[in-house]
Amino acid sequence: MTGALAVAALILSYAPPHTIGPPWMLALLGAFALAWVLWQPSSSWRDDVMPALAVVLSALGLAMVARLSPDLAARQQLWVLVSVGLAMIAGPAFTHFRRFAAFKYLWVVASLVLFLLLILFGQEINGARLWIKVGPVQYEPIELIKLFIVLFLAAYLAETADVIAKARLWSLRANLKYLGPLFIGWGASMAILVVQRDLGMATLLLATFATMLYVATRRWDIVLFGALLFALGAFWAVHHYPYVNSRIAVWFNPFSDPHGAGYQSSQAYYSLAAGGLLGTGYRLGHPNFIPDVATDYVYAAFAEEFGAVGAIVVLAIFLDLVRRIFAAGLEQPDLYSKLLATGLGATLGFQVVIIVGGVIGLLPLTGITLPFVSYGGSSLLANFLLVALVWAISARPRRTQ
């Protein structure tokens with residue numbers, strides 16, 4: 001972590017003047033990050049590179065947000081402080097993560113409550129109902145829901161994986177009995193489509209659900225059936241929600257309306273092209289031509305100023321983090337821990353694939369963020385908690401000499 005903090009300090013030293021700080025807040029951030037790693041049981045060994053990578057990524061994100069919008073940087077800095085602080089506080093509880101399996105239906109209830117709050121009090125922005133505002137604080141509940149769904153699926157599949165794996169495809173009774181609760185994962189994806197009109201987060205949840213289901217049961221038939229139903233739901237959403245329809249149309253041809261609906265995407269492509277292989281240099285590009293660049297297109301802004309090489313380095317950091325999460329699961333002796341690590345790793349990995357794929361045009365652009373890098377307190381908080389949890393999963397007893 002000491003090395004990660006040194007790298008973070010070096011990165012932030014290049015931020016525009018008076019956008020990062022004051023010094024006491026940076027010192028507090030560093031102290032929280034050190035305390036987070038040091039506050040672990042001395043009897044176990046953990047993969048300390050995980051929290052270190054999260055700190056480096058969040059420093060990269062803060063430097064980019066500061067370059068794009070000083071006002072947003074002040075809020076982002078505060079959210080990083082809150083997120084690292086909560087990760088540190090939650091650490092002792094996460095040490096006993098296996099106990100979370102006993103409360104599997106509590107995670108479902110919590111998700112339903114958050115969905116209900118979103119329906120009743122959610123704010124619709126740009127056609128999507130994603131946020132709940134309480135006073136000056138605006139939060140996106142789906143960021144917590146994605147963690148709750150993983151906690152539920154890991155616990156339920158750990159108990160029923162053998163039975164589901166052995167059930168015959170044509171055994172309707174057996175499949176319905178054990179798969180019924182599982183389709184809460186699929187149902188959550190559909191609810192996001194209907195309630196939030198957010199194709200990206202719905203796809204993320206479905207991909208995570210399918211991954212965990214396949215890893216636990218090796219049943220392709222159920223995965224394909226769930227994906228087919230989701231595809232039908234997405235097709236319906238495209239033809240009934242103008243917001244979703246517009247996203248798909250822009251994806252097919254952003255230059256058909258370059259001054260209207262396609263303006264954001266076309267400007268992002270110009271930004272990527274301007275970056276070339278090595279980039280224009282930090283603070284020497286023009287990514288501010290892209291609307292909402294700090295949230296939706298921070299990866300394009302980064303690629304313009306650091307080039308394809310810099311963009312690939314960021315992806316390599318994410319790849320290493322996801323690889324370590326999966327490795328932490330494989331090291332554990334019980335199925336629940338393996339599935340929990342698989343679900344959390346899939347959540348983080350698919351989120352990166354969906355947003356980066358949207359930015360470079362391989363997928364429709366959606367409203368989800370690039371973890372740790374995009375502006376957004378909800379995303380930062382959820383992803384720091386995710387890393388704190390998988391870091392606890394990576395614990396192994398220390399060998400005595």
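Mentor: The discussion below takes selected residues and spaces of this predicted model in turn.

Trainee: Why is threonine 19 called buried?

Mentor: The term buried requires a relative accessible area under 20%. Threonine 19 has a relative accessible area of 9%, and therefore it is buried. The residue lies in the loop between α1 and α2.

Trainee: How do you know whether threonine 369 is buried or exposed?

Mentor: Its relative accessibility is 9%. Buried means under 20%, so threonine 369 counts as buried. This threonine is found in the loop between α14 (335-360) and α15 (377-393).

Trainee: Which side chain makes a polar contact with the side chain of threonine 369?

Mentor: The partner is the side chain of serine 379, at 2.7 Å. That distance is set against a limit of 3.5 Å, and therefore the pair qualifies. Apart from neighbours within four places in sequence, threonine 369 is in contact with Glu143, Gln351, Ile355, Ser374, Tyr375 and Ser379.

Trainee: Why is arginine 218 called exposed, whereas arginine 283 is called partly exposed?

Mentor: Exposed means over 50%, and arginine 218 has 53% relative accessibility, so it counts as exposed. Arginine 283 has 39%, which is between 20% and 50%, and therefore it counts as partly exposed. Arginine 218 is found in the loop between α9 (199-217) and α10 (220-240). Arginine 283 lies in the loop between α12 (263-275) and α13.

Trainee: What are the phi values of arginine 218 and arginine 283?

Mentor: Phi is near 60° for arginine 218, a positive value in a residue other than glycine. For arginine 283, phi is near 75°, again a positive value in a residue other than glycine.

Trainee: Why does glutamine 267 count as buried?

Mentor: Glutamine 267 has a relative accessible area of 16%; the term needs a value under 20%, so the residue is buried. Glutamine 267 lies in helix α12. It touches Phe289 and Ile290, not counting residues up to four places away in sequence. Its C-alpha atom is 9.9 Å from that of phenylalanine 255, which is twelve residues apart from it in sequence.

Trainee: Why is leucine 179 called buried?

Mentor: Its relative accessible area is 8%, and the cut-off is under 20%; leucine 179 is therefore buried. The residue is in helix α7 (residues 172-179). Leaving aside neighbours within four places in sequence, leucine 179 is in contact with Ile164 and Ile222.

Trainee: Which residues touch the most other members of the largest nonpolar core?

Mentor: Trp36, Leu340 and Phe372 do, in a core of 131 residues. Not counting residues up to four places away in sequence, leucine 340 touches Phe97, Val150, Leu151, Ala154, Leu389 and Ile393. In soluble globular proteins, nonpolar side chains tend to be buried together.

Trainee: What makes the lining of the second largest cavity nonpolar by class?

Mentor: Its lining consists of Leu60, Val298, Tyr299, Phe302, Val314, Leu370 and Val373. Leu, Val, Tyr and Phe count as nonpolar, so the division is seven nonpolar, no polar and no charged residues. Helix α13 (residues 298-330) gives the most to this lining, with four residues.

Trainee: How is the lining of the second largest pocket divided by class?

Mentor: There are 14 nonpolar, three polar and no charged residues. The pocket has a volume of about 290 Å³. Of its 17 lining residues, Leu5, Ala8, Leu12, Leu26 and Leu29 are the closest to the centre. Helix α1 gives the most to the lining, with five residues.

Conventions. Residues are numbered from 1 along each chain as its sequence is written. This is a predicted model: local features need pLDDT of at least 70, side-chain atom pairs count only at pLDDT 80 or more; totals for chains, interfaces and linings use all residues. Side-chain values use heavy atoms; hydrogens and water are left out. A nonpolar core is a set of buried Ala, Val, Leu, Ile, Met, Phe, Trp, Tyr and Cys residues joined through side-chain atoms within 4.5 Å. Buried means under 20% relative accessible area, exposed over 50%, partly exposed in between (1.4 Å probe, protein chains only). Contact means heavy atoms within 4.5 Å. Helices (H or I, at least four residues) and strands (E, at least two) are DSSP runs, numbered from the N terminus. On a 1 Å grid over the protein atoms alone, a cavity is a set of points where a 1.4 Å probe fits but cannot get out, and a pocket is an open set with protein on both sides within 12 Å along at least five of seven lines; lining residues have an atom within 4 Å of a point. Grid points are joined across faces, edges and corners, and a volume is the space filled by probe spheres set on the points. A polar contact is a pair of N or O atoms within 3.5 Å; within protein, one must be able to donate a hydrogen and the other to accept it, and residues adjacent in sequence count only if both atoms are side-chain atoms.
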